[in-house]
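Subject: The model you asked about

Hi there,

Here is the structure for you to open alongside this email. My notes on it follow below.

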Amino acid sequence: MTDTLSSPVTSPPAPDPAADRPDPSDARAQRIVIGAAMTGNAGYGLLSTITILYFSTHLHLAASRIGLALTIAGACAMLLGIPAGRLADTTVPPRLGAALSYLLLAATEVCVLVVDSYYGLVVVLVVAAGFQMTAATMRQTIVARLGGPRASVFRAKVTARSNLAMMVGMAASSLVIAAGSATAYRSAIVVCCVLTAAQGLLFLALPPGLAAPAAKTLAADGPAAEAGRAGSRWEAFTDLPYLSICLIYATLVLLETVVTVALPLWITQHTTGPGWLIAVFGVANTLAIACLLTRTARKVNTPRRAGRAMAVGGVFAGVFCVLTALASGPAVLPAVIVLVIALLASIAAELLTVSAEMELTMTLAPEHAKGQYLGLSQTALTAATTAGPSLVTLACLTWGRPGWILLGTLLALAGLVTPAVTAWAERTRRGGGVDSGWGASHRR
């Protein structure tokens, strides 16, 4: 997969249906990764729901200070994505890196129970975010190597199953919130820490030879290829097409923040729609992604198709924003109908853009630098989720209808430029500008 194409190719190889089926020797390892992801995400679903309330109710912190602490933590974590990926490529076996990162993350999460000052909490959140970024990058590297030629499909399967587990965790959080006591919150945090540690231990169960660093790949390509790569230690920073794809997805992923942050407030404050729609929409979105993401990823099986899928997904995201803006004002029934159609558009947008991002970031990343490139994509995602709440709140709630329409236009335009950027990325790899693994042995 690391041979550079020696001559131009007019079209990529035809998709190979057998490529979706994992090698039997890797099937157990894939089950372990899925089980680890589900275990950790069940805890994350519980923790992400209750921590804000715990900080506010039992640590008596203002919402603005909590938001600032989370923003600082996210910003610091972004610095670690690419270095962690490079370690996975060159030095640290990803299975060990992921296991150690999750174990240290669990130990850091426990510290939330003993901090007694705001600045102590900031330190804990920064350290936890750093371990989370490192662990996520290591895990994506493992997924890329275990998934083989159809790594994006395996990644979609991991994401879909993780969403189901996260929904279970979120459901459990409602029991904690109903109890309301400090003991209930602290017990839930301990459970989350145990689940995070269990996730790390599961990664240790992976076969040591699987998902090892890419040193063997470098050696197999010969001294000349190895010397050329050594001259570009941080090549992800100079791969402009890949950077552009990450920037586009970072823009489109704002849709998720809109659905989880702005939409509930817009429904309750600016439309006549009933409040229970929020819970129904949340469950419908999670179930749709969990049930349909893998199937969608199987169809988005080349970079060219991924570029088109991202374009259509961006248009759906724009339609969602415009329809949501129009839902303010009408009577209850028209508002509900418009909001339901908007929800369907948002689900279609998320399915297409997530599947496309998985295909593009996995396939266009060079085989010898998978970790570094996937670390870059994780950094872009973290940047979007860190800045997203402030941006969508300003656009959708402060500016109102014009803000919704402006944001929808931005999302649609971001999607529509993706096919051209994808074609640019393919040209650079076919011309030998970046060794992306786009060679004769690359099976789609």
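The protein chain has 17 helices and zero strands; helices (H or I, at least four residues) and strands (E, at least two) are DSSP runs, numbered from the N terminus. Please keep in mind that this is a predicted model, in which local features need pLDDT of at least 70 and side-chain atom pairs count only at pLDDT 80 or more, while totals for chains, interfaces and linings use all residues. Residues are numbered from 1 along each chain as its sequence is written, and side-chain values use heavy atoms, with hydrogens and water left out.

**Overall picture**

Of the 444 residues in the protein chain, 53% count as buried. Buried means under 20% relative accessible area, exposed means over 50%, and partly exposed is in between (1.4 Å probe, protein chains only). Among contacts in the protein chain with a separation of 6 or more, 88% are between residues 24 or more positions apart; a contact means heavy atoms within 4.5 Å.

**The cores**

The largest nonpolar core has 89 residues, and those with the most contacts inside it are V33, F203, Y242, L293, F320 and W404. Such a core is a set of buried Ala, Val, Leu, Ile, Met, Phe, Trp, Tyr and Cys residues joined through side-chain atoms within 4.5 Å. Helix α14 (residues 332-363) gives the most to this core, with 14 residues. A second, separate core of 26 residues includes L61, A129, V176 and C192.

T294 is found in helix α12 (residues 276-299) and counts as buried because its relative accessibility is 12%.

Buried residues in α4 include G97, Y102 and L105.

The count of aromatic pairs comes to seven. Rings of Phe, Tyr and Trp (its six-membered ring) pair if their centres lie within 6.5 Å; planes under 30 degrees apart count as stacked, over 60 as edge-to-face and the rest as tilted. Y102 and F203 are stacked, because their ring centres are 5.8 Å apart and their planes are at 10°. Since Y102 lies in helix α4 and F203 in helix α7 (residues 182-204), the pair ties together parts that are 101 residues apart in sequence. Y102 is buried, at 3% relative accessible area, and F203 is buried at 0%.

Y118 and Y119 form an edge-to-face pair, with centres 5.7 Å apart and planes at 70°. Y118 is buried at 11%, whereas Y119 is exposed at 64%.

**Cysteines**

The structure holds zero disulfides; a disulfide is a pair of cysteine sulfur atoms within 2.5 Å. For C111, the nearest cysteine sulfur is that of C193, 8.7 Å away. C111 is partly exposed, at 32% relative accessibility. The sulfur of C396 is 6.2 Å from the closest cysteine sulfur, in C321, which is too far for a bond. C396 is buried, at 0% relative accessibility.

Best wishes
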